Amino acid sequence: MRNLLIASLLLIGGAPSALAASSETDFKVAYAAAEAANKEAGSLRNQWTVTAAALNAAKKAADAGDFDKAIASSKEAEALAKASIFQATSEKEAWKALEIR
Amino acid sequence: MTTPDNEFSATRRLILQGAATVALVGLGNIPFGLAPALAAANDKYPEEAFKQKNEADAIKSLYGKTAEASDKVKLDAPEIAENGSVVPISVSTTLIDVTSISFLVSENPNALVASYRIPAGTVPSVANRIKMARTSNVTVVVEAGGKLYSATKEVKVTVGGCGG
Amino acid sequence: MRMRSAIHFASAAIALALAFAAVLPGVAADTIDPVADARAFRKFFTDKFPKVKLEDFVNGPYSMDEDLHRQWEEKEQFPPYEFSLEMGKEMFSKPFKNGKSYEDCFPNRGIGVRQNYPYFDDKEGKVVTLELALNRCREANGEPPFSYVKDEMAALTAYMAFTSRGKPFDIKIPNDPRALAAYQNGKEYFYTRRGQLNFSCATCHVQSPGERIRAEVLAPALGILNAMPIYRSEWSGMGTTSRRFTTCNSQIRGVPFNPQDDEYRNVEYYLSYVSNGLPISGPGARP
Amino acid sequence: MASTIRVRATSSSETTEVQALIQHPMDSGFVKDSKGEIIPPHFIQKLTFEHDGKSVFVADWGGGISKDPYVKFSFKGGKKGDDLKVSWVDNKGATDTTTAKIQ
């Protein structure tokens, strides 16, 4: 039981630097996903300004080394980009409802 | 470029003289620090008045007395300004011997916005477009026969559009 | 037995009817009928605002609110776009370095022609707006193009609009499938929701004209471009149709396109066409 | 450079109505530009109107007057063809003047 305890402590002790290192790669993954989604929104000619703002915030946080914030912002950017994609696709038909006939 | 400087220093001398006389005469209601420039009739730019933050000080600095509301002063101002940067305001009055008309916006950084000198023979009515920082009372003060009359109206001001 | 078959028969009939109904509007929407659209568009607004005279729709918010109308009348006595108009007039006939001027690029030397813009250019197969034509005239004569959003472009379009004041909008859609497609694309843009606020042009200018959006009163879509270019107190300066489109986009948190991208040219084509018959009133003053 | 002052003076019976629109930024000194820096105060302080050598109207303005300022007033006297001299000076000492004909 004791060895397990020590091992886990070591793990936790040793982990943060690994965690920080891996969260940089996590950030890169999250940021790339957000950028890809926003690119797709661009191809549908329907990007949102808030997506771009979240991407900038993510990059700024990453530059400052705050990867948790950077990942959070990237996730937010991805969500916003996905919402703008959904908006573009659903509006393809939905606009007719408002049309004056 | 030098002329405006000594023009201001001339004004300062004028004010100081004014302050001296006021101190002697001991008019109670004028706070000592705000010695009034002489009646607005002189042609110097009322620098002090335009620096005053609130309305009462600006009126005191400009005219050296307080105004009383009068229905003979008709202030025309919008209810909701279409935009705070261009608010059309105008005034007309049936008072006679009008020598000066001034517009003040209490909520602006400096209350005094404009002060017009009305020589004899000029109709006591002015229209202009002013800037307003936020919803505020707009007051017009008319100096007629040496006495001050005023009218006040609230004008609502907000930004427009959905904000971005 | 007969009861069940009757039910069967009834449900089949209903299903058939529903299917047919669903097809019908589908069919109607596919054929593009600008003339019917324009008639319906005008009727929608004249029904919604019976007291507003047809030609007064071009005054936008000022026809929707008495207090605003008075403020506008005061401004119109000596309008803030006066300087831009004079600059435009001066620039319009000043020759380029090669001796030509804008007058050589436009029919009737550019006087009283604004109401025909935008038009469909069959050579290019696209809509050409007044701002685009002005910049193309400059480039054709070896001059650098102006910004599409304000200053010189606003001054030039202000002068051209001024020379057309009172002339009804006269936008033509040639019998060319590409023109109909551009018109339809413009209509679709007008009704499509965008931006995080999820508004379309129609959300504000069809569903709620006359109502307030904070301090501003929303203009009806009918005649909404007739006063362009406009001096907006908000900008404390002049702005062209392009400036209005791009700022509207960013206000609803949609990323704007570049001025004169196809979408903007087409929506201007649609909006101008459905306002045919209403007088040009530019340059205008707006809140 | 064209004058910055546009004047419309029309006389009817015995009064002359005067409208003036002046091209000037009228920066109050309380506004920031897009980069967040304060735009320094730059506004017309005094605007004078003179008809046959006599001042008929003087405006003392602060920063609270709108950009491209406008003012309207009337005075008794003045007939078609008379001159109306209009001049302004701003807080930086810049000036402009023009003489308009009363219509």
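Let's start with C:Phe92, which is buried, at a relative accessible area of 1%; buried here means under 20%, exposed over 50% and partly exposed in between, with a 1.4 Å probe and protein chains only. A word on the source: this is a predicted model, where local features need pLDDT of at least 70, side-chain atom pairs count only at pLDDT 80 or more, and totals for chains, interfaces and linings use all residues. Residues are numbered from 1 along each chain as its sequence is written, chains are lettered from A and ligands numbered from 1 in the order in which they are written, and side-chain values use heavy atoms, without hydrogens and water.

So, on to the rings. The structure holds 32 aromatic pairs over all chains. Rings of Phe, Tyr and Trp (its six-membered ring) pair if their centres lie within 6.5 Å; planes under 30 degrees apart are stacked, over 60 edge-to-face, and the rest tilted.

In chain B, B:Phe103 and B:Tyr116 pair edge-to-face, 6.0 Å centre to centre with 80° between the planes. B:Phe103 is buried at 1% relative accessibility, and B:Tyr116 is buried at 0%.

Back to our opening residue. How do C:Phe92 and C:Tyr102 pair? They are stacked, 5.6 Å centre to centre with 20° between the planes. C:Tyr102 is buried too, with a relative accessible area of 2%.

Last, charges over rings, meaning NZ of Lys or CZ of Arg within 6 Å of the ring centre and within 35 degrees of the ring normal. C:Arg138 has its charged end over the ring of C:Phe146, 3.6 Å from the centre. B:Arg129 lies over the face of D:Tyr70, 4.1 Å from that ring centre.
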